[in-house]
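Here's a friendly walk through one protein model, part by part. Have a look at the picture, then read on.

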Amino acid sequence: MKVKVENYGSSDKIDVEDKNMGFVTYKVTELDSDSLKFLKGNLEGKIKVTDDALFITIFYDDEFFPFHTNEAKVKINDFIAREEIEMNVFLSSFLEDM
């Protein structure tokens, strides 16, 4: 399984009802079909499957948004890598329940 941050920012940039939140969209690839179906059916958030890739969009209140700090803006690649690792660990543990 590979996890990449595809997009992030303020929800006013995407088509959602609540425009006052931050969001992160993760692209998850290299999943077998059973894992893909399990994640699609059991995860919360905005979920989309395209060409065997799972796209997960998570919404955050401003205080919890991982990219809102000045430090994140200076070290953005470090923060993106950390988000990808954390989501990979979360999804791996989630799949253990499958």
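How does arginine 82 count by relative accessibility: buried, partly exposed or exposed? Arginine 82 counts as partly exposed, because its relative accessibility is 34%. Keep in mind that this is a predicted model.

## A trio of charged residues

Arginine 82 has a partner: glutamate 83 forms a salt bridge with it, and the closest N and O atoms are 3.6 Å apart. Glutamate 83 itself is buried, with a relative accessible area of 6%. As background, side chains of opposite charge can pair when their charged atoms come close.

## The sheet

Now for the strands. Four of them make an open sheet in the order β1-β2-β4-β3, and the pairing is antiparallel. The edges belong to β1 and β3 (46-50), each of which has a single partner strand, so one side of each is left without a neighbour in the sheet. On average, neighbouring strands of this sheet are turned by 20° against each other, if you ignore direction. In general, strands of a sheet pair through backbone hydrogen bonds, either parallel or antiparallel.

## Two ties to strand β1

The structure holds four salt bridges. One of them is between glutamate 30 and lysine 2, with the closest N and O atoms 3.4 Å apart. Glutamate 30 sits in the loop between β2 and α1, while lysine 2 is in strand β1, so this pair ties together parts that are 28 residues apart in sequence. As for cover, glutamate 30 is exposed, with a relative accessible area of 54%, whereas lysine 2, at 47% relative accessibility, counts as partly exposed.

Glutamate 84 and lysine 4 also meet through their side chains in a salt bridge (3.9 Å, N to O). Here glutamate 84 lies in helix α3 and lysine 4 in strand β1, so the pair ties together parts 80 residues apart in sequence. Why does glutamate 84 count as buried? Because its relative accessibility is 14%, and buried means under 20%. Lysine 4, on the other hand, counts as partly exposed at 46% relative accessibility. Leaving aside residues up to four places away in sequence, glutamate 84 touches Val3, Lys4 and Val5.

## Where the helices meet

What about the two helices, α1 (residues 33-42) and α3 (residues 76-95)? Their axes come within 11 Å and cross at roughly 100°. That makes α1 roughly perpendicular to α3. On the α1 side, Ser35, Phe38, Leu39 and Asn42 make the contact, and they meet Leu91, Phe94 and Leu95 in α3. Sorted by class, this contact has five nonpolar and two polar residues, and no charged ones.

Note on methods
Residues are numbered from 1 along each chain as its sequence is written. This is a predicted model: local features need pLDDT of at least 70, side-chain atom pairs count only at pLDDT 80 or more; totals for chains, interfaces and linings use all residues. Side-chain values use heavy atoms; hydrogens and water are left out. Axes are lines fitted to C-alpha atoms, for helices over the stretch in contact, and angles run from 0 to 180 degrees between N-to-C directions. Helices (H or I, at least four residues) and strands (E, at least two) are DSSP runs, numbered from the N terminus. Angles under 35 degrees count as roughly parallel, over 145 as roughly antiparallel, 65 to 115 as roughly perpendicular and the rest as oblique. Contact means heavy atoms within 4.5 Å. Ala, Val, Leu, Ile, Met, Phe, Trp, Tyr, Cys and Pro count as nonpolar, Asp, Glu, Lys and Arg as charged, and the others, Gly among them, as polar. Buried means under 20% relative accessible area, exposed over 50%, partly exposed in between (1.4 Å probe, protein chains only). Two strands pair if DSSP finds at least two bridges between them.
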